[in-house]
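Q: Please take a close look at how one part of this model is packed. Give the cut-offs of the terms as they come up.

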Amino acid sequence: MKIERHKKIIELINTYDIETQEELAAMLNKEGYNVTQATVSRDIRQLKLVKKNTNGRHIYSVYQNHTSVNVSKNISILKEGFVSMAMAQNILVIKTGVGLAMAVAATLDAMQWDEIVGCIAGDDTIMCAISSVDDTIIVMDKINKLLES
């Protein structure tokens, strides 16, 4: 049911200018999907929908991944926020500038490195769970290479 609902959401936002979750929920209900605004909110997150400005209106759209732009943006965010890193077995602790941990953690998540299981960010510290001790060394090397580029 969820897959069909996701297909319908994509169809609807490609057909209509939908500005709000409530509007999308109403359209889905009209199409026979019994959804709440909370369900639509989760679907939007899972589908990675974005809002784009079209003629002064902010409407939902499917995110178009422009990899080369994203890679350079990610490197820039990493360089701007990074302060230091330390290995604790298979956990990599990264220090950032104050208030930059979330941005740097999101950047690491966006890199989609197989070695990183997940990141948790505070204000200026990130804890990255890495698959193994050896993979932690690999991730540290990857980060160092990006910082040097």
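A: Helices (H or I, at least four residues) and strands (E, at least two) are taken here as DSSP runs, numbered from the N terminus. The model is predicted, so local features need pLDDT of at least 70 and side-chain atom pairs count only at pLDDT 80 or more, while totals for chains, interfaces and linings use all residues. Residues are numbered from 1 along each chain as its sequence is written, and side-chain values use heavy atoms, with hydrogens and water left out.

Ser61 lies in strand β2. Ser61 counts as buried because its relative accessible area is 15%; buried means under 20%, exposed over 50% and partly exposed in between, with a 1.4 Å probe and protein chains only. Apart from neighbours within four places in sequence, Ser61 is in contact (heavy atoms within 4.5 Å) with Ile13, Leu49, Val50 and Lys52.

Strand β2 (57–62) is also among the elements that cover the buried residues of α3, along with α1 (2–15), α2 (21–30) and β1 (49–54). Helix α3 spans residues 37–47, and its residues Thr39, Val40, Ser41, Asp43 and Ile44 are buried. Just after α3, Lys48 takes a positive phi of about 55 degrees.

Two packed helices are described by the angle between their axes and the distance between the axes. Axes are lines fitted to C-alpha atoms, for helices over the stretch in contact, and angles run from 0 to 180 degrees between N-to-C directions. The axes of α2 and α3 come within 9 Å and cross at roughly 105 degrees. That makes α2 roughly perpendicular to α3, a label for angles of 65 to 115 degrees; under 35 is roughly parallel, over 145 roughly antiparallel and the rest oblique. On the α2 side the contact is made by Gln21, Glu22, Leu24, Ala25 and Leu28, and on the α3 side by Gln37, Val40, Ser41 and Ile44. These residues divide into five nonpolar, three polar and one charged, where Ala, Val, Leu, Ile, Met, Phe, Trp, Tyr, Cys and Pro count as nonpolar, Asp, Glu, Lys and Arg as charged, and the others, Gly among them, as polar.

Elsewhere, Met111 lies in helix α5. Met111 is buried, with a relative accessible area of 17%, and touches Asn74 and Leu146, not counting residues up to four places away in sequence. The C-alpha atoms of Met111 and Ile13, 98 residues apart along the chain, are separated by 27 Å.
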